[in-house]
There are 2 protein chains.
Amino acid sequence: MSGEKNLKVALLGCGTVGAQVARILLEDANELAARSGAGLQLIGIAVRNLDAKRDAALPQELFTTDAPGLIAQADVVIELLGGMEPAGEYIAAALSKGASVITGNKALIALKGAELNALASQHGAQLRYEAAVAGAIPILRPIADSLAGDHITKVMGIVNGTTNFILDAMDTTGAAFDDVLAEAQALGYAEADPTADVGGHDAAAKAAILASLAFHTTVSSEQVSTQGITEVTAADVAAASAAGYVIKLLAIAERAEAGISVRVYPALVRRSHPLATVHGAFNAVFVEAENAGDLMFYGAGAGGNPTASAVMGDVVAVARQIAAGAPLPNGSVSQAPRLLDFEAIDTRYWIGLSVKDQPGVLAAIATVFGEHGVSIESMSQQVDAEAGAQLRILTHQGTEAALASTVEALTALDAVHCVLSVMRVEGN
Amino acid sequence: MSGEKNLKVALLGCGTVGAQVARILLEDANELAARSGAGLQLIGIAVRNLDAKRDAALPQELFTTDAPGLIAQADVVIELLGGMEPAGEYIAAALSKGASVITGNKALIALKGAELNALASQHGAQLRYEAAVAGAIPILRPIADSLAGDHITKVMGIVNGTTNFILDAMDTTGAAFDDVLAEAQALGYAEADPTADVGGHDAAAKAAILASLAFHTTVSSEQVSTQGITEVTAADVAAASAAGYVIKLLAIAERAEAGISVRVYPALVRRSHPLATVHGAFNAVFVEAENAGDLMFYGAGAGGNPTASAVMGDVVAVARQIAAGAPLPNGSVSQAPRLLDFEAIDTRYWIGLSVKDQPGVLAAIATVFGEHGVSIESMSQQVDAEAGAQLRILTHQGTEAALASTVEALTALDAVHCVLSVMRVEGN
C-alpha cells in the first residue's frame, strides 16, 4: 500500500510542538507511510524569522519565511503558529485550494470553526484539530466518531492544566491563590501573563469546541459563560474539603430538553467523583451519554510531545482518507439546538456567608431561600474568634436566576455581614 | 447529504445488546442518516428460534431464522450472536460478498481477527469490533487511529468487570474469594459458570485484540500467558493493602526492544495509580505512548446499552466510509515484532512466605535471592500466634525466569514452610 501516493506536508510554526512534529515526520517516515497508505514528505517549515534560534537537529534547508509559498505546494498543512492571524488566513488559503489542515489552534477553532469546516467541505478538504483540546488525550474523535450512534447529554472537563495545577496545590497545601500562582509561574506551569488560563478563557475555547462536536451544532467561545479561578480563596478550598469536595475549574457542555448550555466556572466536585482524582497539570474529560453511561478520558493536557502525538494522529487520519481516495464529510450540523441563557440553566449553589452570631439569623436566612423557591440540602455553621460566624450552605438544584436572586437578597439581610463565596456544585 | 444512499443492515442475534441496537436503528433512523451520510435500514433480525421470548416492542416481521438469507441481502451485518460458530462462518460470508461487519465477538476476533481482517481487505469491506473490548469505552479506535502517529509502549487494562467487582469487594470488605463470587453471582455480576471471567480467559481475548492493534501485529488469544484470580486470598488482599497496594486483574500488552509480551494476571497496583481508583464492575485501560505519555480511558465495561453504544459508533463509522465512496484499508500489519517467551519478560514479584520463626531465616532467604541475581526492594515480617511467621517480599525488576527459579529455590529451603502467594507488581 505504501509508496503509492506521496503527500507534500507543510509545517507552519516550529515551537516545542512544531519541532517535535517535524522530528516525527522525518524520523518515522517509513512507519508513517505504512500506517497511512501514503508517503508523508515534509516540504518545508515556515517560521517568522530565519535568524531565530532553531532546533539544530532539523535540516536547516527546510526553513522558510514564505508561508503562503509553502502552502501553495502542499497537500497537507499543519498549522502550529497559534493566535488568530495570520493563522486563520493561512488555514483558509490551504482549505480553499483543497489541501487538508491539521491545527492545534483552539482560540481560532472556537471562534471560526464553523466557517472553516464549511470551507473544508466545500473544497473536499479535511480539517482536524484533536490537539486543540486536552493535548494528548484522544477526546474529539471519540466524541465525534465513537459516540456518533449515541446521544451525549453532558461533557464536563478539566481542560486547563495551569488552573488544575493551582487548585490542586491549593487543596494539597492550603496555600493562597496568589502564592500558588507565583509557584506555578516559577515552575513553568503558568505564563507570566496568566489571564487566559486563570480567567477561564482557554477553557472556554475548549468548551465551545467540545459542545459543537458533542451536540452537532456550532458554539463559539463568545457564547460560553465564563468565570475564572482568581476569586477562589484558601478558605473556600478548606471549607469544600471539610465537606468532602474539591474545587475544580470545569468546562461544561450540557444538553437539556429546552436547549444546550456551555459554561466554565470553578465548581465543587465530590471527592469520590473520577474528576476529583485528576491531579497536577493533568487533564480529564468526563462524558455522559444515554447508552454509553459515564466515560472518562485522562492524560497530559499540554506539552510539546503529548500535543505532537495528537497532531500526528490527525496527520495519519488525513493521509489515510486521502490515500483511500475520498475525504470523509466534515462533521455535519444536523440540528441547531437552542443555546440556553445562563440564567435558565439548573445548577446547585454552595454559598459562604459571614453572619452575625445572634439568635434568629438562621431563620432569617432560611426564609430568604424559601421565598425564592430554593431548597437547602445542608447548612453548617462555624464560629471563629477572629472571623466571627460563618455559614456554608449547599442548595438543591435550582435555576441560576433563582439562585442568583437568592444570593442578592441574602446580601441585603441585616444579619449577613457579607457573602464570602458563591460556587456551583457539579457531578452527583 | 442524507438520503443519497440507503444501506441495508442485517442484525444477527437479539439478546440484550442486539435488542438495544435494533431499537436505536429504528428510533434514531433520521439522526443516524444525518450523521452517516447514508440511510440505515434494518432489513431483518436473525434469531435461532422464532418461538423464543422476544422484545415485543420490535416489529415482529423483522425476525427470521434464516441468517444466511439475510446476509445475502445486506450491505452491513451486525453480528451479536457470540461464540465461535456459526458467528465466524456468517462474518466470513458477509465479508466475502463485500458487506461490512460490526461485531462485539471478542473470542472470535482474538482467535481469527487476522484472517477476518485479511478477508475484509481483500473484498473492500470493513470489519469493526469496538464493542469487543471494554464495552462502551472507545479504546480500539483511539489506539488504532488517534495514536497512529505515536509509538505505544504499553497497554494495561482492567477489562473484565466481573473480576474487578470481585477483587474490589474483597479489598473493601475483607471477604474471601468464594464468598464474594457467590455474592457476584447472586447480583448478576458473575455467571453461573464463571470460568471464562475468573480464569482470565475473557481478559486474555481482549489482551490479544489490544496488543494486535497497539503494535500493528497479530496476536492470538492462544499466545497470551494467562492466570486468573481464583487463587487470590483475603490474606493477599489485606497484606497488599497494608503495603499501599490493591490487587487488580490486568491485561497487559508491552513492547520492549527484544519483542512484545502479552499477558493476563492479578497484579499489585499502587493505590495512587489511576487504575487503582477503578471500582466495581467498571473497566479502564491505561496506555503509555512515547509522545502522548500516560493516558487512561474509563467507563462501563459491559451491559446492553453501553455495548450497544459501541456497536452503533462502529455502524456510523462504517456507513460514513461507504457514503464517502471508499472504504479505509483495514489496520495494516506493518511489522511483526517477536512475541517474547513469558520467561523472558521483566517484572517484579511480591512473594508471601510462611517461615520458621528462628534466627538465620532472613539470612538464608536473602542468600537465595542473591544467588539468583534478584534484588529485594523491601521485606516485612509479621508474626501471628495462629499463622506463625509470615514474610512479604517485594523484589526489584527481574526476568520471569529468574524470579520463578528464586521462588522454586525458596520452596526447597528448610526454613520455609510454604509459599503463600506469588504475585506481580505493575505500574510504577
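Helices (H or I, at least four residues) and strands (E, at least two) are DSSP runs, numbered from the N terminus. The structure examined is a predicted model, in which local features need pLDDT of at least 70 and side-chain atom pairs count only at pLDDT 80 or more, while totals for chains, interfaces and linings use all residues. Residues are numbered from 1 along each chain as its sequence is written, chains are lettered from A and ligands numbered from 1 in the order in which they are written, and side-chain values use heavy atoms, with hydrogens and water left out.

Side chains of opposite charge can pair when their charged atoms come close. A salt bridge is counted where a side-chain nitrogen of Lys or Arg lies within 4 Å of a carboxyl oxygen of Asp or Glu. Over all chains, the search of the whole structure gave 28 salt bridges. One of these joins A:Asp314 to A:Arg141, with the closest N and O atoms 3.7 Å apart. A:Asp314 belongs to helix H12 (residues 304–324) of chain A and A:Arg141 to helix H6 (residues 140–146) of chain A, so the pair ties together parts that are 173 residues apart in sequence. Both A:Asp314 and A:Arg141 are buried, where buried means under 20% relative accessible area, exposed over 50%, and partly exposed in between (1.4 Å probe, protein chains only). Also in chain A, a network of salt bridges links A:Lys154, A:Glu254, A:Arg263 and A:Glu426.

In chain B, the closest N and O atoms of the salt bridge between B:Arg35 and B:Glu31 are 2.3 Å apart. Both residues lie in helix H2 (residues 29–36) of chain B, four residues apart, about one turn of the helix, and both B:Arg35 and B:Glu31 are buried. A salt bridge is also formed by B:Lys356 and B:Asp414, whose closest N and O atoms are 3.7 Å apart. This pair links distant parts of the chain, 58 residues apart: B:Lys356 is in the loop between strand E13 (346–355) and helix H13 (361–371) of chain B, and B:Asp414 in the loop between helix H14 (400–412) and strand E17 (416–426) of chain B. B:Lys356 is partly exposed, at 27% relative accessible area, whereas B:Asp414 is exposed, at 64% relative accessibility.

Strand E12 (residues 293–300) of chain B is mostly covered, with six of its eight residues buried. Two strands are taken to pair if DSSP finds at least two bridges between them. E12(B) pairs with strand E12 (residues 293–300) of chain A in the antiparallel sense over five bridges, and A:Phe297 stands opposite B:Phe297. Within chain B, strand E11 (residues 282–289) runs antiparallel to E12(B), joined by eight bridges. A hairpin connects E11(B) to E12(B) through three residues, and B:Ala289 stands opposite B:Gly293.
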